[in-house]
Amino acid sequence: MAVMTTPHISADGISRHFGGLIAVDQVDFAVPRGEIRAIIGPNGAGKSTFVGMLCGRIPVSAGRIMFDGKDVTALPAHKRIRQGIAYTFQITSIYGRLSLQDNVRLATSWRWGNDERAIQNTIEESLEKVGLADRMDQMAGDLSYGHQRLLEIAMGISQHPQLLILDEPTQGLADSEIAGFVKLIRELGGDMTILLIEHNMNVVMDTADQITVLNLGKVLATGTPADIRANREVQIAYLGETHA
Amino acid sequence: MIEKAGMTDARKSLYFHLGLIGALFILQFILPAYHHGNLARIMVLACYAMGYNILFGYTGLLSLGHAMFFAAGMYGMGLPMVHLGWTPEPALISAIAAGVVVSAGIGFLALRTSGVSFMIVTLMFAQAGFLTILYFGEWTRGDEGFVIKQAERVMAGFDLSQPVNRYNAALILFSICLLLTIRLVHSRFGRVMIAIRENEERTHMLGYDVHFHKWMAVIMSGTMAALAGAAYALLFGYAGATFASVQYSIFPLLWVLLGGAGTALGPFVGTLFMFYLIDLSSSFTTAYMLIAGLALVLLTLFLPQGLVGEFRRKVVPWLS
């Protein structure tokens, strides 16, 4: 069991208040190295705020975050990224007026010093993985929405992170692209820990080792896809008491 | 729109700008005295605009207080020469030091804000700087300013009040600023500056210390502006509080917008254009500012990327 080893990323009672609103309320959370963990929950459950705190985009109001055995709670986001966390935004965030390869270059070049060859290889390899290698010189802003999402995932992969956080990556993708995405995540799963916020239940069931369900800022349940599917509380949270 | 990776584009761009520098060198033998003098002045002011462009055009931060950096260089040069009897060489160093110190300090404080607040804060700091210059009128002589005597404006054996020397000193300074800009834009640091302009949040979440990069951009921008201010004092022999006023904070913004923000050559073209627009229109009407204003409005409407920006978009995409 994974509980015997130090978790790769863990949260110890983290909370986030926006004024009087409690978005995330004393969440404990731990994911072992190499696991694919899906985070699901109804709209407004605090999923994005929660992963925002893990990657440093949003400061915690209380609690502690450990990554790879170190306390990173006070570390600014850019330093956490350089320690091996990659993050993709819920709303696509790329450089529309730069070429695809320049987008990926910005994501990866700081890893390689002056090794231009390694940078170029990483750019090609990352774009290859999401199927955009033939569009390397196009302007990112000219891509379709789905392709822009894939570009953002390529930027994440190019950082060779230990922990990859994807906030609703399949939103706006076509079915064929989703199939490719599921395959890609499975491939990556062995090399890195992946946190996946996802609404598409087929994607969740096809990729996740474990699922954490958030509701109203708290952890409602954690378990395997089969456990979660059978969990009555989860059904109530999603469907409402009367329908359950 | 943005320079692509690869040596060839960078090299083409470099040759283009070296060609321009060559053309400016040759022009001094052709131009009549009046335009010869103008062009020297325009090249110095273009350095001011190039400094502004580092922050506004490449990093995406709009400052309304750059006159204080220009003035820091101007007085950093002029005051020790006039009151302490310094020669131009050490005075140039004190001018650059003044630029670094003022921009580092103001940048540190102003960058605690962003967007409109950043504009307001830089405007207020510049206004405070302007009033400080007036307050110490005993030394600065306030609005009236002071003259740096011709005999003192001799650097490395060259009398910089002589038109030929002045023109070539301005050209050297202009070349340095232009080549530094091109070097910066193609450097890794410059790419991150552009990335901040294009998408600050994304840049931070890719692992870059956005705040540090912005601060360095303010310092580079402010120091280049100070260098231009110092050169202006030395070459034209005058320092006055007008150069620290709001008007001189707006000028580089206009020059850069007209010429093309985020293009290496835009600041020079914008400065040249506006200088002659005012010069020509004032020769036949007293309402020359009306003509200048109208031209600005039309250009902004029909060439929103500025003269060089549109030229790059339509003709030479490899231009820095």
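Modeller: Happy to, and keep in mind that this is a predicted model. Let's begin with B:R141, which has 17 C-beta neighbours inside 10 Å and counts as partly exposed.

Biologist: What makes B:R141 partly exposed?

Modeller: A residue is buried with 20 or more such neighbours and exposed with 12 or fewer. B:R141 has 17, so it counts as partly exposed. You'll find B:R141 in the loop between α6 (137-140) and β1 (146-147) of chain B. It also has a positive phi of about 60°, although it is not a glycine.

Biologist: Which residue of chain A has a positive phi of about 50° although it is not a glycine?

Modeller: That's A:E168. It sits in the loop between β7 (163-167) and α6 (175-189) of chain A.

Biologist: Why is A:E168 called partly exposed?

Modeller: It has 18 other C-beta atoms within 10 Å. Buried needs 20 or more and exposed needs 12 or fewer, so A:E168 with its 18 falls in between.

Biologist: And what about B:L184, where does it lie?

Modeller: In helix α7 of chain B. B:L184 also has 18 other C-beta atoms within 10 Å, so partly exposed is the label here too. Leaving out residues up to four places away in sequence, B:L184 touches B:I54, B:F189 and B:G190.

Biologist: Which residues of α5(B) are buried?

Modeller: They are B:F118, B:V121, B:T122, B:F125, B:A126, B:G129, B:F130 and B:I133. An α-helix has 3.6 residues a turn, so residues three or four places apart point the same way. The buried residues of α5(B) pack against α3 (67-83), α4 (88-110), α6 and α11 (246-259) of chain B.

Biologist: Which residues have the most contacts inside the largest nonpolar core?

Modeller: That core has 166 residues, and the ones with the most contacts inside it are A:I165, B:V44, B:C47, B:F70, B:A228 and B:A231. Take B:C47: not counting residues up to four places away in sequence, it touches B:L173, B:F174, B:C177, B:M224, B:L227, B:A228 and B:A231.

Biologist: How many residues are in contact between the two chains?

Modeller: 19 residues of chain A are in contact with 17 residues of chain B. On the chain A side, α3(A) gives the largest share, five residues. That side divides into nine nonpolar, five polar and five charged residues.

Biologist: How do you know that the radius of gyration of chain A agrees with a compact globule?

Modeller: With 244 residues, such a globule would have a radius of gyration near 18 Å, and chain A has 18 Å, so the two agree. Chain A has nine helices and 10 strands, and buried residues make up 45% of its 244 residues.

Biologist: What makes β2 and β5 of chain A edge strands?

Modeller: The open sheet has the order β2-β1-β4-β5 (chain A), with antiparallel pairing. β2 (21-31) and β5 (70-71) each have a single partner strand, so one side of each is left without a neighbour in the sheet.

Biologist: How many bridges join β1(A) to β2(A)?

Modeller: Seven, and the two strands run antiparallel. A:S10 has A:A30 as its bridge partner, while A:A11 stands opposite A:F29. The two strands form a hairpin with two residues between them, and A:G19 in the turn has a positive phi of about 60°.

Key:
Residues numbered from 1 in each chain as written. Chains lettered and ligands numbered in written order. Predicted model: local features only at pLDDT ≥ 70, side-chain atom pairs only at ≥ 80, totals over all residues. Pairing = 2+ DSSP bridges. Helix = DSSP H or I, 4+ residues; strand = E, 2+ residues; numbered from the N terminus. Core = buried A, V, L, I, M, F, W, Y, C linked by C-beta atoms within 7 Å. Contact = placed C-beta atoms within 7 Å. Nonpolar A, V, L, I, M, F, W, Y, C, P; charged D, E, K, R; others polar. Rg over C-alpha atoms; globule rule 2.2 N^0.38 Å.
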